[in-house]
Amino acid sequence: MILTNATVATLADDNGFGLIEAGAVVTEGARIEWVGAEADLPGDLANLPRTDLGGRLVTPGLIDCHTHVVFGGNRAAEFEQRLNGASYEEVALAGGGIVSTVRATRAASEAALLASALTRVDALIAEGVTLIEVKSGYGLDLETELKMLRVARAIGAARPVDIRTSFLGAHATPADYQGRADAYIDAVAIPALRAAYAEGLVDAVDGFCEGIAFDTKQIARVFDVSRELGLPVKLHAEQLSNIGGTALAARYGALSADHVEYATEADAKALAASGTVAVLLPGAFYTLRETQAPPVQAFRDRGVPMALATDCNPGSSPLSSLLLTMNMACTLFRMTPLEALLGVTAHAARALGAQDRGRVIAGHRADLAVWDVEGPAELAYRIGFNPLHKRIFGGRI
């Protein structure tokens, strides 16, 4: 396929949009074969049929690198409680929060979970998303954790989108293990991880390191098993407080540390040294009405790559728009439109270990988005507007 008459935002490096005016993109199968000015098309390609894009913008396909799109029920009632003054921690300690979603997810069939997840996935696909990370973590028992991961894999079979799974058994302590977090790690989380790995359901391992969840020693025990199995790790860290999660993620060479609102200059330095991506989640910041923003300037100063994601989940971020996520990041965190676009393409790919995605360069996978906009900054500028013209997945429109 040859796409011509396009403005191509290659994002070839992190220093700019890498715009090519009057550009062309040549794909061969599922890969990008050539990118450049249309006038420079190699002779052996110049006479092949072309698809004229009418001057539209081409970017990499978007990537949502942190989601919980598989879940049962919803938590609209808790949304109302928080608006009446209850904090996120108070809701969780009263039996709501993650634990309430656990009850609904355990009760739902795989078919029901898939049907509800696809409504959210379809919204993301319609915005040019080509790769989605999906976590478990609403089962908190072996059977339901595996059920969630099977549903996540089924999404990729049901829709033209790539799925990466993260095992999140260390997400919360279920009611029957309250006050016995260490026992839960030993009896449920680690055996479920081993079972999920044996079934081929796990691409990475995640955990929730927070005062209302698990401490660094408990997460480290899960991460030690991940190392044994050869699986990369990620971590929910420093969302509500700083208990050392970011430093732990860096010590294990994690793909990403996510949320990181309470990360420090020292944390930024540690992430830079380990090559770990900071995944910022403005949807949760917005929904929980937080005031402690992540240290974006410290990440910039240290050269820490910043990714963005919806954190789509029923409680703290019921958000299924990556375009709105970009606008939120610019408005709430003062990220630039370039940082926002890199955050949902190249840096999001790095947060998933998908190094062949996120840039429009030869050799990368031909996952592309074609937009009816005048320039790439418009993608982060508009609110509640979807300018997608075409989505190209693996070289196919």
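Predicted model: local features only at pLDDT ≥ 70, side-chain atom pairs only at ≥ 80, totals over all residues.

User: Are Arg357 and Asp367 buried or exposed?

Analyst: The cut-off for buried is under 20% relative accessible area. Arg357 has 11% relative accessibility, so it counts as buried. Asp367 is buried too, with a relative accessible area of 6%. The pair also belongs to a network: salt bridges that share partners join Arg31, Asp162, Asp356, Arg357, Arg365 and Asp367.

User: What's the general idea behind such pairs?

Analyst: Side chains of opposite charge can pair when their charged atoms come close. In this structure there are 22 salt bridges.

User: Which helices does the pair Arg221 and Asp182 tie together?

Analyst: Arg221 lies in helix α7 and Asp182 in helix α6, so the pair ties together parts that are 39 residues apart in sequence. Their side chains meet at 2.7 Å, N to O. Arg221 counts as partly exposed, at 26% relative accessibility, and Asp182 is likewise partly exposed, at 41%.

User: And how should I read Arg194 and Glu228?

Analyst: Their side chains meet in a salt bridge as well, at 2.9 Å, N to O. Arg194 is in helix α6 and Glu228 in helix α7, 34 residues apart. Arg194 is partly exposed, with a relative accessible area of 35%, whereas Glu228 counts as exposed at 54%.

User: Let's stay with α7. Which of its residues are buried?

Analyst: Among them are Ile219, Val222, Phe223, Val225 and Leu229. The cover over the buried residues of α7 includes β8, α6 (181–198), β9, β10 and α8 (245–251).

User: How do I read the ends of that helix?

Analyst: Look for a cap, then for what follows. Asp215 caps the N-terminal end of α7, with a side-chain oxygen 3.1 Å from the backbone nitrogen of Lys217. After α7 comes Gly230, whose phi is positive, near 75°.

How values were computed: Residues numbered from 1 in each chain as written. Heavy atoms only, no water. Buried < 20%, exposed > 50% of the residue type's maximum accessible area, 1.4 Å probe, protein only. Helix = DSSP H or I, 4+ residues; strand = E, 2+ residues; numbered from the N terminus. Contact = heavy atoms within 4.5 Å. Polar contact = N/O pair within 3.5 Å; in protein donor to acceptor, adjacent residues only side chain to side chain. Salt bridge = Lys/Arg side-chain N within 4 Å of Asp/Glu carboxyl O.
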